[in-house]
Amino acid sequence: MGASAEQPQRTGDPERPDRPQDPGRREEPKQPSSADTWPTAALLPALLLLRFFGEQGWAYWTGAVIGVLGMAGVTVEGTAAVRHLLNGRRPWVAAWVLLALGSGSLVLVLGLAEHW
């Protein structure tokens, strides 16, 4: 007769198999990727300001403020990378993210301390 309410709805997406829409289904855990190094987009301008204009007060304080925003992002993404590393999900990518974020943070802190 008619379509049953228990049949899954077709999504039309060829990459996703048709599954019943279960509201209690958990999302798949996020895999680490190189895109997790986005805080370096805030660390890089801060480092460049300190490198080229660090002797001027406005550049030092602007670099410090931008660097603090980048460091806040580093704490978020660094914590996620440690979690991925401990869970064994793509450990080399997680280690790369930790290395990139850690070295950028260290250079920023050393640059700020040098011009203090």
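**Before selecting anything**

The structure is a predicted model, in which local features need pLDDT of at least 70 and side-chain atom pairs count only at pLDDT 80 or more, while totals for chains, interfaces and linings use all residues. Residues are numbered from 1 along each chain as its sequence is written, and side-chain values use heavy atoms, with hydrogens and water left out.

**The whole chain**

Begin with the entire chain displayed as a cartoon. Its secondary structure comes to 3 helices and 0 strands; helices (H or I, at least four residues) and strands (E, at least two) are DSSP runs, numbered from the N terminus. Read along the sequence, the pattern is α-α-α.

Next, display the surface. The chain exposes about 8,700 Å², of which carbon and sulfur atoms supply 62%; accessible areas come from the Shrake-Rupley method with a 1.4 Å probe, and for residues only the protein chains shown count as cover. Of the 116 residues in the chain, 28% are buried. Buried means under 20% relative accessible area, exposed means over 50%, and partly exposed lies in between (1.4 Å probe, protein chains only).

Contacts also describe the chain as a whole. Among contacts with a separation of 6 or more, 67% are between residues 24 or more positions apart, where contact means heavy atoms within 4.5 Å.

**First selection: H1 and H2**

Select residues 40-53, which form helix H1, and residues 57-87, which form helix H2. These two helices pack at an angle of about 155°, with their axes 8 Å apart. Axes are lines fitted to C-alpha atoms, for helices over the stretch in contact, and angles run from 0 to 180 degrees between N-to-C directions. The angle makes H1 roughly antiparallel to H2; angles under 35 degrees count as roughly parallel, over 145 as roughly antiparallel, 65 to 115 as roughly perpendicular and the rest as oblique.

The crossing of H1 and H2 is left-handed, a term used if the near helix is turned anticlockwise from the far one by less than a right angle, with right-handed used if clockwise.

Now show the side chains where the two helices meet. From H1, the residues in contact include Ala-42, Leu-49 and Phe-53; from H2, they include Trp-58, Ile-66 and Gly-70. By class, this contact has 12 nonpolar, 4 polar and no charged residues. Ala, Val, Leu, Ile, Met, Phe, Trp, Tyr, Cys and Pro count as nonpolar, Asp, Glu, Lys and Arg as charged, and the others, Gly among them, as polar.

H2 passes H3 in a left-handed crossing.

The residues of H2 in this contact include Ala-64, Glu-77 and Leu-85, and those of H3 include Pro-91, Leu-98 and Val-109. By class, the contact of H2 with H3 has 16 nonpolar, 4 polar and 1 charged residues.

The crossing of H1 with H3 is left-handed.

In H1, Thr-40, Leu-43, Ala-46, Leu-47 and Leu-50 take part. They meet residues of H3 that include Leu-101, Gly-104 and Gly-111. The contact divides into 8 nonpolar, 4 polar and no charged residues.

**Stops at single residues**

Select Ser-105, which lies in helix H3. Is Ser-105 buried or exposed? At 9% relative accessibility, it counts as buried. Leaving aside neighbours within four places in sequence, Ser-105 is in contact with Leu-43, Met-71 and Val-74.

Proceed to Val-107, also found in helix H3. Val-107 is partly exposed, with a relative accessible area of 45%. Draw a distance from Val-107 to Leu-47: the two are 60 residues apart in sequence and 7.8 Å apart in space, C-alpha to C-alpha.

Move to Arg-83 in helix H2. Arg-83 is partly exposed, at 47% relative accessible area, and its C-alpha atom is separated by 8.8 Å from that of Ala-94, 11 residues apart along the chain.

Finish at Arg-90, in the loop between H2 and H3. The phi of Arg-90 is near 45°, a positive value in a residue other than glycine. Arg-90 is partly exposed, with a relative accessible area of 43%.
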